[in-house]
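Let's take a walk through this structure together.

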Amino acid sequence: QVQLQESGPGLVKPSQTLSLTCTVSGASITMTDYYWNWIRQPPGGGLEWMGFIEPNGNFHASPALKSRTSTSRDTSKNQFTLQLSSVTPEDSAEYYCARFLGSAGIYDYWGQGTQVTVSS
C-alpha cells in the first residue's frame, strides 16, 4: 500500500519561505517510472501543478513558479521537500504531493493534503 503524507507549517508570514515535506511509504522515491509531484489548490480555485522530482532527484518546476521553488530529498527517509520563497497571501492553498506513474500517464496516489495560510 503506497501512502503519501504531507507536512507543513500551517501558517506562514508574507515574504517568508514555505517548506513542505512529503513522506512516502510503500514505494521508494528512487524507483524508475515514478515521478513525485507537488500540486496545490487555493480556496475556491482549481488544481495547480507546481513541479515534480524524477527518480534520479532532478527537479522540474512549473514555469510560473520556477523562480521561487526549489526542492530536496532524503532517500534514507524516503522523503522529498518543496521550498517556496517570498510567499504572499495568494500562495495560501491546500498543498498535495502525488505520485505520477509515467508508463500509465496517471496520478495514482495522492496525499491527503496540508493547508497553508499566508498571513501576517
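Let's start at R99, which is buried, with a relative accessible area of 5%. Here, buried means under 20% relative accessible area, exposed means over 50%, and partly exposed is in between, using a 1.4 Å probe and protein chains only. Before going further, a word on what you're looking at: this is a predicted model, where local features need pLDDT of at least 70, side-chain atom pairs count only at pLDDT 80 or more, and totals for chains, interfaces and linings use all residues. Residues are numbered from 1 along each chain as its sequence is written, and side-chain values use heavy atoms, with hydrogens and water left out.

Back to R99: its side chain meets that of D108 in a salt bridge, at 2.6 Å from N to O. A salt bridge is a side-chain nitrogen of Lys or Arg within 4 Å of a carboxyl oxygen of Asp or Glu. D108 is partly exposed, at a relative accessible area of 25%. In general, side chains of opposite charge can pair when their charged atoms come close.

Take D91 and R40, whose side chains meet at 2.8 Å, N to O. D91 sits in the loop between β8 and β9 and R40 in strand β4 (residues 34-41), so this pair ties together parts that are 51 residues apart in sequence. Strands, by the way, are DSSP runs of E with at least two residues, numbered from the N terminus, while helices are runs of H or I with at least four. D91 also forms a salt bridge with R68, with the closest N and O atoms 2.9 Å apart. R68 is in the loop between β6 (59-61) and β7, so its pairing with D91 ties together parts 23 residues apart in sequence. Both D91, at 2% relative accessible area, and R40, at 6%, are buried.

Now look for an open sheet of four strands, in the order β1-β3-β8-β7, with antiparallel pairing. β1 (3-7) and β7 (69-74) stand at the edges with a single partner strand each, so one side of each has no neighbour in the sheet. From one strand to the next, the twist averages 20 degrees; such angles run from 0 to 180 degrees between N-to-C directions, with axes as lines fitted to C-alpha atoms, for helices over the stretch in contact. Two strands pair if DSSP finds at least two bridges between them. β7 and β8 (residues 79-84) have six, in the antiparallel sense, and T71 stands opposite L82 in β8.

Between β7 and β8 there's a loop that holds N78. Most residues other than glycine have a negative phi. N78, though not a glycine, has a positive phi of about 55 degrees, and this residue is buried, at 12% relative accessible area. S86 also has a positive phi, near 50 degrees, and is found in the loop between β8 and β9 (93-101). At 43% relative accessibility, S86 counts as partly exposed.

What makes up the nonpolar surface patch? L47, W49, Y107 and W110 do, and the patch is about 390 Å². Patches are made of residues with over 30% relative accessible area and no salt bridge, with like charges joined within 9 Å and nonpolar side chains (Val, Leu, Ile, Met, Phe, Trp, Tyr) within 5 Å. Areas come from the Shrake-Rupley method with a 1.4 Å probe, and for residues only the protein chains shown count as cover. W110 is in strand β10 (residues 106-110) and is partly exposed, at 37%.
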